[in-house]
Amino acid sequence: MRIEKCYFCSGPVYPGHGTMFVRNDCKTFRFCKSKCLKNFKKKRNPRKTRWTKAFRKASGKELTVDNCLEFEKRRNVAVKYQRELWSKTVEAMRKVEGIKRKRQAQFIFNRLKKGKQLEKEEAISEVKKNIHLIKAPHAKPRLWRRRWCRSYKMWKWVMISKSLLGLC
Amino acid sequence: MALYNFKKIMVVPTSKEFIDITLSKTQRKTPTVVHKHYQIHRIRHFYMRKVKFTQQNYHDRLSQILTDFPKLDDIHPFYADLMNVLYDKDHYKLALGQINIAKNLIDNVSKDYVRLMKYGDSLYRCKQLKRAALGRMCTIMKRQKQSLEYLEQVRQHLSRLPTIDPNTRTLLLCGYPNVGKSSFINKVTRADVEVQPYAFTTKSLFVGHMDYKYLRWQVVDTPGILDHPLEERNTIEMQAITALAHLRSAVLYVMDVSEQCGQTLEQQLELFNNIRPLFANKPLLIVANKCDVKKISELTEEDQACDKLLAHRVDGKMKGKKVHDVLNRLHLAVPAKRDEKARPPFIPEGARIGRKTMEVDAPKRKTERDLEVEMGDDYILDLQKYWDLMNQDEKYDVIPEIWEGHNIADYIDPDIMKNLEDLEKEEELKVKAGEYETDEESEDEEMQEIRQLAKQIREKRKLKIVCSKDKDVHGPRLPRTVKKVERKTLEKEMGDLGLDMTGKDDSHYAVNARRSRSVGVAKKRKREASVVPTSRTRSQSASRPPRDQSGVRDPKMAKQAKKLMKNQQKDMNRQGKKGEADRHVFDLKPKHLFSGKRKSGTNDHR
C-alpha cells in the first residue's frame with residue numbers, strides 16, 4: 001500500500017482513489033481526480049497549468065533544491081525489515097517534516113518580501129499625489145486633523161478588535 | 001496433379017448459348033442510353049465500348065476453355081494415352097485449335113471495327129458499325145458449333161474418369177474377361193464394381209483402395225483383354241493395355257483355373273505370353289482364381305504381391321539419383337578433441353538430486369497442505385514464518401507503511417540517522433545566522449497614518465468613479481457649470497476636505513442663490529375667454545405679440561380663429577395623433593386587411 005503522486009497536479013493519490021491510465025508504451029499515469037485526467041486528455045502541459053505543483057516548482061515559486069527534500073526518495077533497493085530501523089525512520093520523518101515546513105514557509109516569505117516593500121512605496125506615492133481628494137490644499141490643519149482623526153481612530157479600533165477576535 | 005483438374009473444367013456452352021450469353025451480357029453491363037444530340041466523341045465511345053466489351057467476353061471465355069482442357073503433352077503419359085484411346089488425340093487437338101482460331105478472329109474483328117468507328121460521324125453510322133462487328137463475331141461463334149459440342153462431351157467424360165494416381169502404389173488386375181478380377185477388387189477394397197456372368201461387364205478402368213502395412217494401395221481393375229494383335233483391339237481393351245503400359249505397378253495376372261470364363265488354360269497362357277512384354281520392370285504374380293471350384297491355395301498371393309512391390313519400389317528409390325542428393329547434404333558434426341580431458345555433459349546438482357529423489361522416493365518435507373489436513377479447522381495460512389529477517393523475533397510485527405501522507409518506504413535508508421544529524425546541524429546554523437528572523441519592522445505611527453490615508457484616497461476615488469458611472473448620460477452632455485449646485489452639498493463637501501464653511505451667508509454663492517429665487521417663473525392663470533390675454537412674461541419683449549394675437553383684428557375674429565383651430569385639431573385628436581406632423585402608422589399590415597377572401601370590393605375592407 002502506498003500513496004502515489006498524481007501525474008498532473010502532483011497531489012497524493014490514496015489507495016482506492018483516482019484513476020490510472022496505461023499508455024501503449026507501458027508508461028502509467030495516475031490521476032487523483034477527474035479534473036486532472038480531463039486536463040491530461042486535453043494534452044495540457046502541467047508545467048504550464050498554473051495551479052499545479054509542477055508549475056510552481058518550475059517557475060520558482062516553491063522550494064525545489066534542499067537537503068530536507070532528499071529524504072523522501074523512491075529507492076529501488078529493498079531493505080529487509082528491522083524493527084529499530086523502522087521506528088527510527090518514523091521519528092526521523094517527523095523531524096524532517098518539521099524542518100521542511102519551516103524552510104518552505106521561509107522561502108515563500110522571502111519571495112513575497114519584495115511585494116511588501118513595493119506596497120509601502122506605493123502608499124507613500126499615492127498619498128503624495130492624490131492627497132487633494134481628501135484634504136484641501138489650504139485646509140486648516142487642526143480642523144482637518146480633528147475630522148480625520150475621528151475617522152482614523154474608528155478605523156484603528158475596528159482593526160484591533162478584528163485582530164483580537166481573530167478575524168484578520 | 002493433372003487428374004485433379006479434370007473435374008474443374010468449366011462447362012462448355014453450346015454455340016447458341018454462348019452467343020446468347022455474351023450478347024445479353026453486353027446489353028446489361030454497358031450503358032444503354034445514347035442520343036443523337038450527344039457529342040460525337042461520346043457516341044463513338046459508347047459504341048466502341050460495346051464492341052470491345054463483347055470481344056473481351058468472348059476472348060475471356062474461350063481462353064478459359066483453352067486453359068482448362070489439359071494439353072496432352074503436359075499430363076502424365078498414362079492419361080495422355082488414355083485420352084487418346086477414348087477421345088482420339090487428333091480430333092481433340094483439332095477442336096482446341098479451332099477454338100483458338102475463333103478467338104483470334106474475334107480479336108481481329110473487334111480491332112478493325114474499333115478502328116473504323118473512329119471515323120464514324122453520326123449516331124446511325126456508329127450504330128451500324130457496332131451492329132456489323134457484333135454480327136461478325138457471332139457468326140464466327142456459330143461456326144464453332146461442332147467443336148464446342150465435342151469438347152462438352154469430352155469434358156463430361158473426363159470428369160467421370162476414375163482418379164488413378166499414376167505415381168503411387170498400385171496393383172493392376174488383368175486377364176481374360178470374366179475371370180474374377182472385379183470380384184477380387186470388390187472383396188479386397190470398398191469398390192463396388194458390377195459383377196455379371198457375361199463378358200465385358202467391366203468396360204472401363206475402376207479403382208479401389210486398400211490398406212496394407214499402414215500404407216494406402218490402389219487396386220486397378222481393367223476390362224478383360226482378348227487375345228488378338230494390338231492393331232485390332234477396341235477401345236475398351238486399349239484402356240487395359242494403356243493401364244498396363246504406363247502404370248508402374250504390381251501386375252496380377254488372373255487366371256481362371258476352373259475355365260468358367262470360357263477359355264482354356266492354354267489360351268490364357270497364350271495371352272499371357274503375348275502381353276508379357278508389357279510386364280517388363282513390374283513385379284508379376286499369377287493369380288489362380290476360382291480355386292474353390294478347383295483347389296489351389298490362393299490366399300498368400302496377395303500378401304506376397306504387396307511385399308514384392310514394396311521391396312521393388314525401395315530398391316528403385318535407392319538406386320535413384322534423389323537419394324544421393326539427400327545423403328550428400330547430411331553430415332554429422334563432432335567437435336574435435338583438443339586434449340585428453342573428459343568433458344561429459346553438465347547436469348546441475350539440483351536436477352541430479354531431483355532425479356535421484358524421484359527414483360529413490362525419499363521422504364519429502366512437510367507441506368502446507370499436510371499441515372492443513374493435520375490442524376483441520378484451526379489452520380491459518382501463516383506465510384510470515386518463512387520470512388528470513390535479521391532478527392527472527394520480529395517476524396510477526398505489523399509493519400507501518402504510511403505516516404501523514406508520506407510513504408515510510410520512501411524514507412527507509414540505513415544511513416538515515418546520519419543524514420538527519422547533518423540536517424539538524426545545518427538547521428542550527430541557519431537559525432544562528434538569522435535566516436528565520438522575520439524582519440517585519442513594527443511600523444511607526446507615521447507609516448500607519450500614511451497607509452490609512454492611502455486607503456481613504458483609494459476609496460474616495462472609487463466612489464467618484466462609481467458616481468460618475470451611475471449618472472448614465474448618453475449623448476451630448478450639459479457642461480458642469482449649467483447645473484445648479486445646492487448650497488448644502490457644496491458646504492458639506494468642502495467641509496469634509498477640511499475647510500471651514502460656517503458663516504458663509506454673505507458668500508457670493510449664497511447671495512446669487514437668493515437673487516435667482518426672486519426672479520420667478522410666471523404663474524399659470526386661468527384664462528377667461530372674453531379677455532384678450534395681455535399679461536406678458538417679463539422674459540419676453542413687448543414688441544412681439546403672441547402667435548394667437550398676431551394678425552387678429554378683434555375678439556370676434558380671434559374667436560373664429562380659435563374655432564377653426566379646434567376644428568382642425570378634432571380629426572387629429574380622434575386619430576390620436578400628436579400633431580400635424582405625426583404621420584406614424586402604428587400597424588402597417590393590419591391583419592383584417594390582409595387575410596381572408598376578397599369577395600367584392602377593395603382592400604380597404606374585406
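**The interface of chain A and chain B**

Reply: In this predicted model, 62 residues of chain A are in contact with 60 residues of chain B. About 6,200 Å² is buried between chain A and chain B, and carbon and sulfur atoms account for 60% of that area. On the side of chain A, the residues that lose the most area to chain B are Tyr81(A), Met93(A) and Leu133(A); together they make up 12% of what that side buries.

Charged and polar pairs also cross between the chains. The rule finds 11 salt bridges across the interface of chain A and chain B. A salt bridge joins the side chains of Glu119(A) and Arg451(B), with 3.7 Å from N to O. Polar contacts between chain A and chain B come to 21 residue pairs, counting pairs in which both residues have pLDDT 80 or more.

As for the elements involved, α3 (83–130) and α4 (141–164) of chain A each supply at least two residues of the side of chain A that touches chain B. The largest share of that side comes from α3(A), with 28 residues. Sorted by residue type, the side of chain A that touches chain B has 28 nonpolar, 8 polar and 26 charged residues.

Now to the sheet. Chain B contains an open sheet of 5 strands in the order β2-β3-β1-β4-β5, and its pairing is mixed. Its edge strands are β2 (206–212) and β5 (284–289) of chain B, each of which pairs on one side only. From one strand to the next, the twist averages 25°.

Two of the pairings can be followed residue by residue. β2(B) and β3(B) pair in the antiparallel sense, over 7 bridges. These two strands form a hairpin with 2 residues between them, and Lys213(B), in the turn, has a positive phi of about 55°.

Strand β1 (residues 170–175) of chain B and strand β3 (residues 215–221) of chain B run parallel and are joined by 4 bridges. Within this pairing, Thr170(B) stands opposite Gln218(B) in β3(B).

How values were computed
Residues are numbered from 1 along each chain as its sequence is written. Chains are lettered from A and ligands numbered from 1 in the order in which they are written. This is a predicted model: local features need pLDDT of at least 70, side-chain atom pairs count only at pLDDT 80 or more; totals for chains, interfaces and linings use all residues. Side-chain values use heavy atoms; hydrogens and water are left out. Two strands pair if DSSP finds at least two bridges between them. Axes are lines fitted to C-alpha atoms, for helices over the stretch in contact, and angles run from 0 to 180 degrees between N-to-C directions. Contact means heavy atoms within 4.5 Å. Buried area is the accessible area (1.4 Å probe) that two parts lose on being put together, summed over both. A salt bridge is a side-chain nitrogen of Lys or Arg within 4 Å of a carboxyl oxygen of Asp or Glu. A polar contact is a pair of N or O atoms within 3.5 Å; within protein, one must be able to donate a hydrogen and the other to accept it, and residues adjacent in sequence count only if both atoms are side-chain atoms. Ala, Val, Leu, Ile, Met, Phe, Trp, Tyr, Cys and Pro count as nonpolar, Asp, Glu, Lys and Arg as charged, and the others, Gly among them, as polar.
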